Amino acid sequence: MTTQRSYTGIAKLLHWTMAIDILVAMAIGAYAALFMSYGIDAAHDAAKGEMITLHKQIATVSIFLIVLRIIWRATHRPPELVGMSKFMQKAAHGGHHLLYLLMVLVPISGWAFSSAAGYPIPVAGLFTLPPLLDKSPELQPVFASIHEVLTYGLLVVIVGHVFFALKHYFIDKDKSLQSMLPGKIKD
């Protein structure tokens, strides 16, 4: 019996598409939140609104991608974790479960935040998601805080994911990183 060494092409495509989608959405959202303000003048207000809309247009795509990714993962077995201790295997699985959970919760919390604020939730300029709840000025800051905390948590988990992928490549010198890169693994 041979050991599967590489993820499927679809798994790789979903992984890298989601990575780009999430990182771009995070960068735009962070820029709008940290470096743009409302109340300066109408032009600044409009520019910030446009950046937030762009953030939502990109971020909402991840909701659909994560559903596809979960379905793919449930129906296609990933490569075995070869050469890792049982503890490291459990840690890797736990890290991946946390990553998946946050990839679900972050966009849903943003959707709830926009819904509570009474703003539309556009998806890639194609259509608008229905609100998760009615406009609620009382809940809007709660969902804003939840979205922010979950986003920082996702960023920390992503940094850890990248760190351990590089550790496997440079220190452990195994094929873990290559299993998610385009092409087949060469021994």
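This is a predicted model: local features need pLDDT of at least 70, side-chain atom pairs count only at pLDDT 80 or more; totals for chains, interfaces and linings use all residues.
**Ground rules.** Local features need pLDDT of at least 70 and side-chain atom pairs count only at pLDDT 80 or more, while totals for chains, interfaces and linings use all residues. Residues are numbered from 1 along each chain as its sequence is written, and side-chain values use heavy atoms, with hydrogens and water left out.

**Entry 1: the patch.** I looked up a nonpolar patch on the surface, formed by Tyr31, Leu34, Phe35, Tyr152, Leu155 and Val159. Together they have about 660 Å² of accessible area (Shrake-Rupley method, 1.4 Å probe, only the protein chains shown count as cover for residues). Patch residues have over 30% relative accessible area and no salt bridge, and nonpolar side chains (Val, Leu, Ile, Met, Phe, Trp, Tyr) are joined within 5 Å, like charges within 9 Å. A salt bridge is a side-chain nitrogen of Lys or Arg within 4 Å of a carboxyl oxygen of Asp or Glu.

**Entry 2: where the patch sits.** I found that helix H1 (9-35) and helix H5 (140-170) each supply at least two of its residues. Helices are DSSP runs of H or I, at least four residues, numbered from the N terminus. Phe35 is in H1 and counts as exposed because its relative accessibility is 63% (exposed is over 50%).

**Entry 3: helix packing.** I noted that the axes of H1 and H3 (residues 61-75) come within 10 Å and cross at roughly 155° (lines fitted to C-alpha atoms over the stretch in contact; angles run from 0 to 180 degrees between N-to-C directions). H1 and H3 are therefore roughly antiparallel (over 145 degrees). H3 and H4 (residues 86-117) pack at about 155°, axes 10 Å apart, which makes H3 roughly antiparallel to H4.

Conventions: Buried means under 20% relative accessible area, exposed over 50%, partly exposed in between (1.4 Å probe, protein chains only). Angles under 35 degrees count as roughly parallel, over 145 as roughly antiparallel, 65 to 115 as roughly perpendicular and the rest as oblique.
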